[in-house]
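Hi,

Here is the structure I promised to pass on.

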Amino acid sequence: MHQIIILTGWISFVFLTVLAIGFVITHLLEREWRAFFRTIFVFGLLLTIFGMVLTFNFVSRELVLGSLIFIQLIAIFLIIRYQNPAAIRITEHQYKIDERAAIFHRFYRLKPGDEEFDKFYREQPDKKEIDESIRKLPPLGSPGGKSYFNLTSTFQTATFGVIEQLTKKLEWEPKSVEGKPVAGSAAEFSARLKGYARFLGADLIGITKLNPAYVYSHIGRSEGEWGAPIQLEHSNAIAIAVKMDYEMIKHAPDSAVTTESSIKYFEAAKIAMILARYINLLGYEARAHVDGNYRVLCVPIAADAGLGELGRLGLLITPEFGPRIRLSVVTTNLPLLHEKPTSFGVQHFCAICKKCATNCPSNSIASMDKKNVNGVEKWQTEQESCYRFWRIQGSDCSVCINVCPYSNPNTLMHNLIRWLVRRNNFARRIVFWGDQFFYGKRRRSKYLLPDWHRRS
Ligand code: SF4
Ligand code: SF4
């Protein structure tokens, strides 16, 4: 018995040492100095106590060692036992949303003096005051924004301009090169689309049945007659995600985040457009939905396609990259296999975390409980105050993405934490406590921008 306790004690000691080394190296590489020093302190203390009990022979040594091992085993059991996580709840019928309700439509399509502009504010007078105050602020990418710098902001304007030019027309007719739709099984079409998407640079891809409630009811910002009803009878949707670079997002709310998001919108659009045209040439209807030209809501479609869960910050949180992604969608009537929605603890973790809400510079993220919004229980974000901050800052902010614990890089130790977060409510509380203790309530950039993105 004595030998078994000593041996188990040494195994525990080695296990803790390996964990400590893993976290220390991770924090060192990520230049997270607060986490680095706190890890050394906490694990150093634990290992010193364990080591002293193992090496010094004192009365009741076995009792102390046995108790330490017992506590460790209980803690491991409590942390890794699996409980089904709560999923997002759809409680009522969901209605289609008018694209004219989306904030970008008001600033990228409505022009003062136009008939559409006057009609919109006649019908929605409550939006007039806030929109007028936002219109007085410098447009994104223009002089006057806090993070404006001519040699970098111009690059972002260029990228969004190219996206706008390339995505003006997305309604293409099916035209099979064989004169009739190419025959194939849903399994084969799905496998090929996923393969091509990854070949084109997609980091995540999922397929779902298209919920008609996620098709906009009327045209707002996107191509076509303003206010015309949208007819989109496609049965399936393919959701594509491209990850954003962790180091660039660390600079939020500096305009480096806009450089990153603009180019990832471009990548996501490229993949969706090529896939849509590929499907057209197989003889089936398909339409890409990309930055500035959507007929559908990407986030709930991506959630249905199993890419992730809606988080408190109003974005999709993926298991692999958290909210650090950009999305595009292809809708089609090509037969395809569907994925199932996933839940991996986001609803519970967001309920206790609130880090995005605490750090949001415009208080746009709800720190209270969920509300019922169009049949879904979720946290509601304020799009006007968020966009107003973008215009003041001259970037697309992304502070909420940066501070989200799910946004951590996809490394061995962070993936171990991701795995724990999936297990149960107790594990999520421990991880949340650990995140606050090691990283703190706020996170600041520890990275230098690349030479080509610096101000001087
Ligand atoms: S920061 Fe916290 S509360 Fe906000 S989305 Fe991320 S996990 Fe949820
Ligand atoms: S982008 Fe910035 S302003 Fe908007 S919700 Fe996130 S943190 Fe708040």
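This is a predicted model: local features need pLDDT of at least 70, side-chain atom pairs count only at pLDDT 80 or more; totals for chains, interfaces and linings use all residues.

**Around the two ligands**

In the loop between H12 and H13 you'll find Lys354. Its phi is near 65 degrees, which is a positive value in a residue other than glycine. That is worth a glance, since most residues other than glycine have a negative phi. Is Lys354 buried, exposed or partly exposed? Lys354 counts as partly exposed because it has 17 C-beta neighbours inside 10 Å, and the cut-off for buried is 20 or more.

Now for ligand 2. The residues around it include four cysteines by name, Cys360, Cys386, Cys397 and Cys400. Also in that list are Pro361, Ser362, Ser364, Ile365, Thr381, Phe389, Ser398 and Val399. Helices H14 (383-393) and H15 (399-403) each supply at least two residues of this shell. As for classes, the shell around ligand 2 has eight nonpolar and four polar residues, and no charged ones.

Asn363 also has a positive phi, near 50 degrees, and again the residue is not a glycine. Asn363 sits in the loop between H13 and strand S7 (371-373). With 13 C-beta neighbours inside 10 Å, Asn363 counts as partly exposed.

**The chain and its domains**

Stepping back, the chain has 17 helices and eight strands. Its C-alpha atoms fill a box of roughly 90 × 55 × 45 Å along the principal axes. Of the 456 residues, 40% count as buried. If you take the contacts between residues at least 6 apart in sequence, 78% of them join residues at least 24 apart.

The chain is divided into domain 1 (2-85 + 410-453) and domain 2 (99-403). Their C-alpha centres lie 37 Å apart. Where the two meet, 17 residues of domain 1 are in contact with 21 residues of domain 2. On the domain 1 side, the elements that give two or more residues are helices H16 (412-421) and H17 (425-439), with H17 giving the most, at four residues. That side of domain 1 has eight charged residues, five nonpolar and four polar.

Pro253 is in the loop between helix H9 (246-249) and H10. For context, most peptide bonds are trans.

Strand S2 (residues 236-243) is mostly covered, with eight of its eight residues buried. In a regular strand the side chains alternate between the two faces of the sheet. So which residues of S2 are buried on each side? Asn236, Ile238, Ile240 and Val242 are on one side, and Ala237, Ala239, Ala241 and Lys243 are on the other.

S2 has two antiparallel partners to look at. Six bridges join S2 to strand S1 (residues 204-209), where Ile207 stands opposite Ile238. Eight bridges join S2 to strand S6 (residues 325-332), and there the bridge partner of Lys243 is Ile325.

Finally, which residues does Ala239 touch, leaving out those up to four places away in sequence? Ala239 touches Ile205, Gly206, Cys298, Ile301, Ala302, Ala305, Leu307, Leu327 and Val329.

Cheers

Key
Residues are numbered from 1 along each chain as its sequence is written. Chains are lettered from A and ligands numbered from 1 in the order in which they are written. Two residues are in contact if their C-beta atoms, placed from the backbone, lie within 7 Å. A residue is near a molecule or strand if its C-beta atom, placed from the backbone, lies within 6 Å of it. Ala, Val, Leu, Ile, Met, Phe, Trp, Tyr, Cys and Pro count as nonpolar, Asp, Glu, Lys and Arg as charged, and the others, Gly among them, as polar. Domain bounds come from an automatic or database domain assignment. A residue is buried if 20 or more other C-beta atoms lie within 10 Å of its own, exposed if 12 or fewer, and partly exposed in between; C-beta atoms are placed from the backbone. Two strands pair if DSSP finds at least two bridges between them.
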